[in-house]
Amino acid sequence: MNIDRDKFLTEVMNECWHGVEIVDYRNNAGSSQALCKCGQGSRWKSQFNDDDFQFTQNDFSTWKCFEKLFNLLTHHDRKFEFFTKYGAIVHGDDEPKFYIEDSLIDPDKFADIAYAFLK
Ligand SMILES: [Zn+2]
């Protein structure tokens, strides 16, 4: 996980980088949960440890986020520029198909490239 990169890419996707703004707390006997401005809660915090509230944020080192990022780029305004530079575009009878170089089929590498390209 790379916080600057992952926060930036999350915001490009118009998703919330949870936990920046905590608007409320839910409490029960042994733990409490913070609520983000978007309504999503953190993972429960136990009263016995001092860790900050942990929100589930996009981690672009994972295959799940790789897929989301690939999907974002194939729909982005600059998709032709991006895939010309880092892969290939195949024009057939239907919609163009977008491919990336084999060396970028790696969540971290792909996210680094996308970050450098979009920021
Ligand atoms: Zn949020």
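I began with the contacts of G87 in this predicted model, and, with neighbours within four places in sequence left aside, I found G87 in contact with F98, Y99, I100 and E101. I then checked where G87 sits, and the residue belongs to strand β4, which covers residues 87–90. Is G87 buried, exposed or partly exposed? I counted 16 C-beta neighbours inside 10 Å, so G87 is classed as partly exposed, given that a buried residue needs 20 or more and an exposed one has 12 or fewer. I also looked up the pair G87 and D102, which are separated by 15 residues in sequence and by 8.4 Å between their C-alpha atoms.

Next I followed the strand itself. β4 runs antiparallel to strand β5, residues 97–100, and four bridges join the two. I noted that A88 has Y99 as its bridge partner in β5, and that the two strands make a hairpin with six residues between β4 and β5.

I then turned to the other strands. In what order do the three strands of the open sheet lie? I read the order as β1-β2-β3, with antiparallel pairing, and the edge strands, each of which pairs on one side only, are β1 (22–27) and β3 (45–46). I kept a reminder here that strands of a sheet pair through backbone hydrogen bonds, either parallel or antiparallel.

For the pairing of β1 with β2, I found five bridges in the antiparallel sense, and a hairpin that connects the two strands through three residues. Within this pairing I looked up N27, whose bridge partner in β2 is S32.

Which residues have the most contacts inside the largest one? This core holds 13 residues, and I listed L9, F60, L69, F110, A111 and A114 as those with the most contacts inside it. The elements that contribute two or more residues to the core are α2 (63–74), α3 (79–86) and α4 (107–118).

Finally I stepped back to the chain, which has four helices and five strands and follows the pattern α-β-β-β-α-α-β-β-α along the sequence. Its radius of gyration is 18 Å, well over the 14 Å that the globule rule gives for 119 residues, so I recorded the chain as more spread out than a compact globule. The box filled by the C-alpha atoms, taken along the principal axes, is roughly 60 × 25 × 25 Å. I noted the division into domain 1 (18–56) and domain 2 (63–118), whose C-alpha centres lie 35 Å apart. Of the 119 residues, 15% count as buried, and among contacts between residues at least 6 apart in sequence, 39% join residues at least 24 apart.

Definitions and conventions. Residues are numbered from 1 along each chain as its sequence is written. This is a predicted model: local features need pLDDT of at least 70, side-chain atom pairs count only at pLDDT 80 or more; totals for chains, interfaces and linings use all residues. Two strands pair if DSSP finds at least two bridges between them. A nonpolar core is a set of buried Ala, Val, Leu, Ile, Met, Phe, Trp, Tyr and Cys residues joined through C-beta atoms within 7 Å. The radius of gyration is taken over C-alpha atoms; the globule rule is 2.2 Å times the number of residues to the power 0.38. Two residues are in contact if their C-beta atoms, placed from the backbone, lie within 7 Å. Domain bounds come from an automatic or database domain assignment.
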